[in-house]
Amino acid sequence: MTIDHLIDAVLDREGGYANHPADRGGETNYGITAAVARANDYDGTLRDLPLATARAIYRRLYWLRPRFDAVASHAPLVAAELFDTGVNMGPPVAAAFLQRALNALNRGASDYPDMPVDGRIGDTTLAGLAAFLTRRGAGGERVLLKAIEALQGERYVALAEHRPANEAFLYGWLANRIG
């Protein structure tokens, strides 16, 4: 699966312009908030955000900058999940899910050392990922993916518990973002 396919899938899920009153992010178009669009030199109305601009933002901010492309060279299914999670929760949250899962799956640091959970994909995270996949073989990526999705699901439920307005989104998050 290429980044273009991943972006297409996100665009399908996010849809076009929206301005839900319970969404703290405010108005969005193609899932891009006004703040993100402005920070990326778009100065028009959000309703008129060009699709090409949204695609470029997704590629740069949610794939290349967090280094999910580097994860894809080891674990493409995990990278696809990190991209989608990063779009919905922010790339540092997605990267931290990977780091937490890898730390929890390293069998007391006997397979590879624990890594800092800093929300940034660097050499240490990539080395841990490679070591995990080497140790666990073909099924390892799917298990890692399940661990990341479990963390994601728990965060969605916690968001709804801590802010009842988020209950408006919980069903959709669980239906469209997990699995």
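A residue is termed buried when its relative accessible area is under 20%. In the predicted model examined here, this criterion applies to both Tyr58 and Tyr62, each of which is buried. The two tyrosines are four residues apart in helix α3 and are therefore separated by about one helical turn. The structure contains five aromatic pairs. One of these is formed by Tyr58 and Tyr62, whose rings adopt a tilted arrangement, with 5.6 Å from centre to centre and 55° between the planes. Tyr58 and Tyr62 also belong to one aromatic cluster together with Trp63 and Phe83. Elsewhere, a charged side chain is placed against a ring: Arg47 lies over the face of Tyr17, at 3.8 Å from the ring centre.

Asn40 is located in the loop between α2 (34-39) and α3 (51-64). Because its relative accessibility is 17%, Asn40 counts as buried. A polar atom of the Asn40 side chain lies 2.8 Å from the backbone oxygen of Val36. When neighbours within four places in sequence are left aside, Asn40 is in contact with Ile57, Arg60 and Leu61.

Glu141 forms part of helix α8, which spans residues 140-162. Although buried, Glu141 has no salt bridge, and the nearest side chain of opposite charge, that of Arg142, is 7.1 Å away. The side chain of Glu141 instead reaches the backbone nitrogen of Leu77, at 2.6 Å. Apart from neighbours within four places in sequence, the residues in contact with Glu141 are Ala75, Pro76, Leu77, Val78 and Leu133.

Conventions: Residues are numbered from 1 along each chain as its sequence is written. This is a predicted model: local features need pLDDT of at least 70, side-chain atom pairs count only at pLDDT 80 or more; totals for chains, interfaces and linings use all residues. Side-chain values use heavy atoms; hydrogens and water are left out. Buried means under 20% relative accessible area, exposed over 50%, partly exposed in between (1.4 Å probe, protein chains only). Lys and Arg count as positive and Asp and Glu as negative; His and the chain ends are not counted. A salt bridge is a side-chain nitrogen of Lys or Arg within 4 Å of a carboxyl oxygen of Asp or Glu. A polar contact is a pair of N or O atoms within 3.5 Å; within protein, one must be able to donate a hydrogen and the other to accept it, and residues adjacent in sequence count only if both atoms are side-chain atoms. Contact means heavy atoms within 4.5 Å. Rings of Phe, Tyr and Trp (its six-membered ring) pair if their centres lie within 6.5 Å; planes under 30 degrees apart count as stacked, over 60 as edge-to-face and the rest as tilted. A charge sits over a ring if NZ of Lys or CZ of Arg is within 6 Å of the ring centre and within 35 degrees of the ring normal.
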